[in-house]
Amino acid sequence: MNLFDVYSLFDVTPVKALGCKVWDENGQEYLDLYGGHAVVSVGHCHPKYVAAITEQLGRIGFYSNSVRNPMQVELARKIGQMTGLDDYSLFLINSGAEANENAIKLASFHTGRDRMVAFRKSFHGRTSGAVAVTDNPKIVSPFNARQRVTFVDLNDAEAVERELAKGDVAGVIIEGIQGVGGINIPQPGFLQELRRLCTKHGTVLILDEVQSGYGRTGRFFAYESSGILPDIVTMAKGMANGFPIGGVLISPIFKATKGMLGTTFGGNYLAMAAAHAVLDIISEERLLDNVAEVGNYLISNMPQSEQIRTVRGVGLMLGIEFDGPMAEIRKRLLFEKHIFTGVAGTNMIRLLAPLVLSKAEAQQFIVSLKEVLQKA
Ligand SMILES: *Cc1c(COP(=O)(O)O)cnc(C)c1O
């Protein structure tokens, strides 16, 4: 049997990693500015993280959600404390798409409505409901496209208001910062306006912080800079440093009923051990401060080059937009400079480094990019 061939692979086989470094089978070292797609948050193989999962596996590895699990309760308490959302509730699942599926269901249960508003260039995941609110024709099947979703431009509050005024919109879903769509930041005031409109029309406001959350921007969630309170926040990628997990933060306006949502694997002991270790490391090592500092350093030291159109982003969620296709530059960064980077579209290199990235490692990238651009 072969693998279903859906990924374009780089010819690299990582076998070992530590912090922001990865080694392949030939012992070649790489600098990881991609974090396995914004997932590796506290660094590869952080000893405290490894110990937490290993010890947990030796105690009890799995039971179902039909018994008490104090680790879940404690995780909710900790996240509440770190985000200020103490009076919200936590629902645990296994991925970002699942988090958004459940958020959309909650919005629909709560309002009794069946239409969603989402934004152009959005990405919310690959499962049926999550992909339906995604604006990327390559990954939305004809089946998903039948769901009732209206797309409007990011920052177009008038278009949102026109849709919400029709009275049938269950929820508006928006990324804290658009990732896949090319590091698009909601302009100042837009989230506040969305908040006002959703409240006015009885529509649920869902902030998808799957990529932009969990410290990536130097705040716990990217939306925090706006000062608003969403009705639902979804999270996943950085939550457990690579152990599959997702979470939905649900405001007190929602009333849970038994059986309304559910999952087999969500909230399992190993995921909980991993998630606790990540939160503890984020606090103990003051990683939010590190993200802000190293992120600013990267932005202000980016090479001046006529090939670069803009650099945008916050913290360690950065996009370097080129005047043309960047595939060759990215390839040379990987094979000549041994640096992993991500992409957004054809013209943007996306940096999603582990939150532990040091200034020296950032500097290594800056020097390497300069050299690659000079030789282009
Ligand atoms: C990655 C991502 C998702 C989907 O998460 P999965 O864990 O791949 O299902 C959803 N929303 C955003 C903003 C993402 O970046």
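Ile-308 has its bridge partner in β12: Phe-322. Strands β11 and β12 pair in the antiparallel sense over 6 bridges; two strands count as paired if DSSP finds at least two bridges between them. Strands (E, at least two residues) and helices (H or I, at least four) are DSSP runs, numbered from the N terminus. This is a predicted model, where local features need pLDDT of at least 70 and side-chain atom pairs count only at pLDDT 80 or more, while totals for chains, interfaces and linings use all residues. Residues are numbered from 1 along each chain as its sequence is written, and side-chain values use heavy atoms, with hydrogens and water left out.

**The four-stranded sheet**

- The hairpin of β11 and β12 has 2 residues between the strands, and Gly-315 takes a positive phi near 60° there.
- These strands belong to an open sheet of 4 strands, in the order β11-β12-β15-β14, with antiparallel pairing.
- Its edge strands are β11 (308–314) and β14 (342–344), and each pairs on one side only.
- From one strand to the next, the twist averages 25°. Axes are lines fitted to C-alpha atoms, for helices over the stretch in contact, and angles run from 0 to 180 degrees between N-to-C directions.
- Strand β15 (residues 348–351) pairs with β14 in the antiparallel sense over 3 bridges. In β15, Arg-350 is the bridge partner of Gly-342.
- Helix α11 (residues 327–335) lies across β12 (317–322), β14 and β15. Helix α11 runs at about 40° to β15. Contact here means heavy atoms within 4.5 Å.

**The seven-stranded sheet**

- Another open sheet has 7 strands in the order β4-β10-β9-β8-β7-β5-β6, and its pairing is mixed.
- β4 (89–93) and β6 (149–152) are the edge strands, each pairing on one side only.
- Neighbouring strands of this sheet are turned by 20° against each other on average, direction ignored.
- Strand β10 (residues 246–250) runs antiparallel to β4, and 5 bridges join them. Leu-90 has Leu-249 as its bridge partner in β10.
- Helix α8 (residues 190–201) packs on the sheet and touches β5 (115–119), β7 (169–175) and β8 (204–208). The direction of α8 makes about 170° with that of β7.

**The ligand site**

- The residues around the ligand include Ser-95, Asn-100, His-124, Glu-175, Val-210 and Lys-237.
- Helix α4 (residues 96–111) gives the most to the shell, with 3 residues.
- A ligand nitrogen atom is 2.8 Å from an N or O atom in the side chain of Asp-208.
- A ligand oxygen atom is 2.8 Å from an N or O atom in the side chain of Gln-211.
- Taken alone, the ligand exposes 380 Å², and the protein buries 83% of that. Accessible areas come from the Shrake-Rupley method with a 1.4 Å probe.

Notes
A residue is near a molecule or strand if one of its heavy atoms lies within 4 Å of it. A polar contact is a pair of N or O atoms within 3.5 Å; within protein, one must be able to donate a hydrogen and the other to accept it, and residues adjacent in sequence count only if both atoms are side-chain atoms.
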